[in-house]
Amino acid sequence: MHIPDGYLSPQTYVPLFGASLVCWSIGLKKIKRELSTKQVPYLAMAAVFSFLIMMFNIPIPGGTTGHAAGAGIIAVLLGPWTAVIAVSVVLIIQALIFGDGGITAIGANCFNIAVVMPFVAFWVFNLIKGKSRDPKRLSLAAFFSGYASLTVSAIFVAIQLGIQPLIARSSSGTPLYAPYPLSVALPVMALEHLLLFSIVEGVVTLLLFKYFMKNEPELIYAETGNGT
Amino acid sequence: MQKRETAHRMTKTQKKLWIGLIIMALISPLGIVVPELFNSGDAWGEWGTETLHKLLGYIPEGLRKYADFWKAPVPDYILGGEESSMTIKVISYITSGLVGILAVTLVIYLISKVVIKNGK
């Protein structure tokens with residue numbers, strides 16, 4: 001899901017940089033207003049967790065690989081805007097030091113993984129949870145916040161890649177950037193996530209949620225009334 | 001790793017979580033070993049130019065121009081690149097995980113320091 005350099009046309013990555021910039025500035029303002037120094041260690045641990053979980057590539061036998069990203073559980077535990085900053089820091093470090101994701105694609109990757117994913121997770125969590133305090137309902141909410149958020153994020157990536165052949169072609173008609181059309185990118189990305197990677201994300205989200213419910217319930221943003 | 005003035009004493013849970021994260025870094029090579037066992041390749045849409053040439057028979061012009069303009073110090077978390085031996089890959093992966101922990105923590109603490117101090 002880390003789009004490399006060269007896969008997106010400037011017409012795509014420039015606006016997405018803009019979108020991410022806006023989200024970073026809102027996220028920093030939110031952190032300034034809401035985060036206390038006591039929560040900083042959790043912010044650091046959350047970001048570190050996201051960095052590390054992305055190293056665990058999950059194989060589709062004989063095919064591609066994918067991974068969880070952890071942005072969903074961070075949104076549920078620390079709030080979506082905090083997740084925006086935590087995961088963006090991770091993605092920028094991954095791009096600069098490890099070449100995982102392109103430099104020109106930093107805006108796009110941050111938008112897909114550090115903005116779309118936390119907000120989908122937070123929204124799905126609250127939607128399923130409703131006003132319920134039933135542990136089973138909460139577990140369900142946690143699983144699906146992870147499952148849905150990674151899937152939607154992957155679909156955003158697929159759309160950005162899939163529209164490239166429509167945007168830019170060489171004089172001989174071949175695509176200039178990401179070569180596969182939406183009719184290929186969308187089903188491949190959606191299916192591999194729906195059937196495998198997002199399930200892993202869901203399970204990871206569920207397990208961590210349960211751990212924090214048991215050990216640090218007062219920390220959970222989506223549970224302490226800060227949530228909308 | 002902790003800034004003295006911002007760190008209240010680490011709670012038991014926090015200590016456990018940090019240990020958990022370090023263990024994650026130490027077992028991170030599973031992320032390359034397991035895909036290799038299953039004969040799985042790159043993530044979809046993250047191919048290098050050589051792989052793309054194999055897949056398509058050509059390298060898209062714009063993509064070729066931008067693909068390698070950034071020389072990351074440790075490409076794909078592996079020192080010495082894809083051709084290194086498995087041992088090197090495993091060691092690089094663990095090192096990258098630990099470097100990642102340090103780099104991410106440092107940046108988050110820097111941001112928090114600037115943002116939160118000015119705010120309150």
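**Figure 1. Chain A as a whole.** With 228 residues, a compact globule would come out at a radius of gyration near 17 Å, and chain A agrees, with 18 Å. That radius is taken over C-alpha atoms, and the globule rule is 2.2 Å times the number of residues to the power 0.38. This is a predicted model, in which local features need pLDDT of at least 70 and side-chain atom pairs count only at pLDDT 80 or more, while totals for chains, interfaces and linings use all residues. Residues are numbered from 1 along each chain as its sequence is written, and chains are lettered from A and ligands numbered from 1 in the order in which they are written. Of the 228 residues of chain A, 59% count as buried (20 or more other C-beta atoms within 10 Å of a residue's own; 12 or fewer makes it exposed, anything in between partly exposed, with C-beta atoms placed from the backbone).

**Figure 2. The run of helices and strands in chain A.** Chain A has eight helices and two strands. Starting at the N terminus, the order is α-α-β-β-α-α-α-α-α-α. Helices (H or I, at least four residues) and strands (E, at least two) are DSSP runs, numbered from the N terminus. What share of the contacts between residues at least 6 apart in sequence join residues at least 24 apart? In chain A it's 75%. A contact here is a pair of residues whose C-beta atoms, placed from the backbone, lie within 7 Å.

**Figure 3. H2(A) packed against H3(A).** Two packed helices are described by the angle between their axes and the distance between the axes. For helix H2 (residues 40-53) and helix H3 (residues 71-78) of chain A, the axes come within 9 Å and cross at roughly 165 degrees. Axes are lines fitted to C-alpha atoms, for helices over the stretch in contact, and angles run from 0 to 180 degrees between N-to-C directions. H2(A) and H3(A) are therefore roughly antiparallel to each other (over 145 degrees; under 35 is roughly parallel, 65 to 115 roughly perpendicular and the rest oblique). Their crossing is right-handed, a label used if the near helix is turned clockwise from the far one by less than a right angle, with left-handed for anticlockwise. On the H2(A) side, look for A:Tyr42, A:Leu43, A:Ala46 and A:Ser50; H3(A) brings A:Ala71, A:Ile74, A:Leu77 and A:Leu78. Sorted by class, the contact has seven nonpolar, one polar and no charged residues. Nonpolar covers Ala, Val, Leu, Ile, Met, Phe, Trp, Tyr, Cys and Pro, charged covers Asp, Glu, Lys and Arg, and the others, Gly among them, are polar.

**Figure 4. H1(A) crossing H4(A).** Helix H1 (residues 10-34) and helix H4 (residues 80-98) of chain A pack at an angle of about 115 degrees, with their axes 8 Å apart. This crossing is left-handed. H1(A) puts in A:Cys23, A:Trp24, A:Ile26, A:Gly27, A:Leu28, A:Lys30 and A:Ile31, and H4(A) answers with A:Trp81, A:Thr82, A:Val84, A:Ile85 and A:Ser88. By class, that gives eight nonpolar, three polar and one charged residues.

Figure 5. A:Thr12 sits in helix H1 of chain A. Is it buried or exposed? A:Thr12 is buried, with 24 other C-beta atoms within 10 Å. Setting aside neighbours within four places in sequence, A:Thr12 is in contact with A:Ala108, A:Gln160 and A:Ile167. A:Pro165 is 153 residues away from A:Thr12 along the chain, yet 12 Å separates their C-alpha atoms.

**Figure 6. Where chain B touches chain A.** The contact takes 57 residues from chain B and 64 residues from chain A. On the chain B side, the elements giving two or more residues are helix H1 (12-27), helix H2 (30-37), helix H4 (61-67) and helix H5 (86-119). H5(B) gives the most, with 16 residues. The chain B side divides into 35 nonpolar, 17 polar and five charged residues.

**Figure 7. Loop residues of chain B.** B:Asn39 lies in the loop between H2 and helix H3 (49-56) of chain B, and has a positive phi of about 60 degrees although it is not a glycine. With 10 C-beta neighbours inside 10 Å, B:Asn39 counts as exposed. B:Asp76, in the loop between H4 and H5 of chain B, has a positive phi too, near 55 degrees. B:Asp76 has 19 C-beta neighbours inside 10 Å and counts as partly exposed. B:Pro73 is also found in the loop between H4 and H5 of chain B, and its 10 C-beta neighbours inside 10 Å make it exposed. From B:Pro73 to B:Leu21 is 52 residues in sequence and 23 Å in space, C-alpha to C-alpha.

Technical notes:
Two residues are in contact if their C-beta atoms, placed from the backbone, lie within 7 Å.
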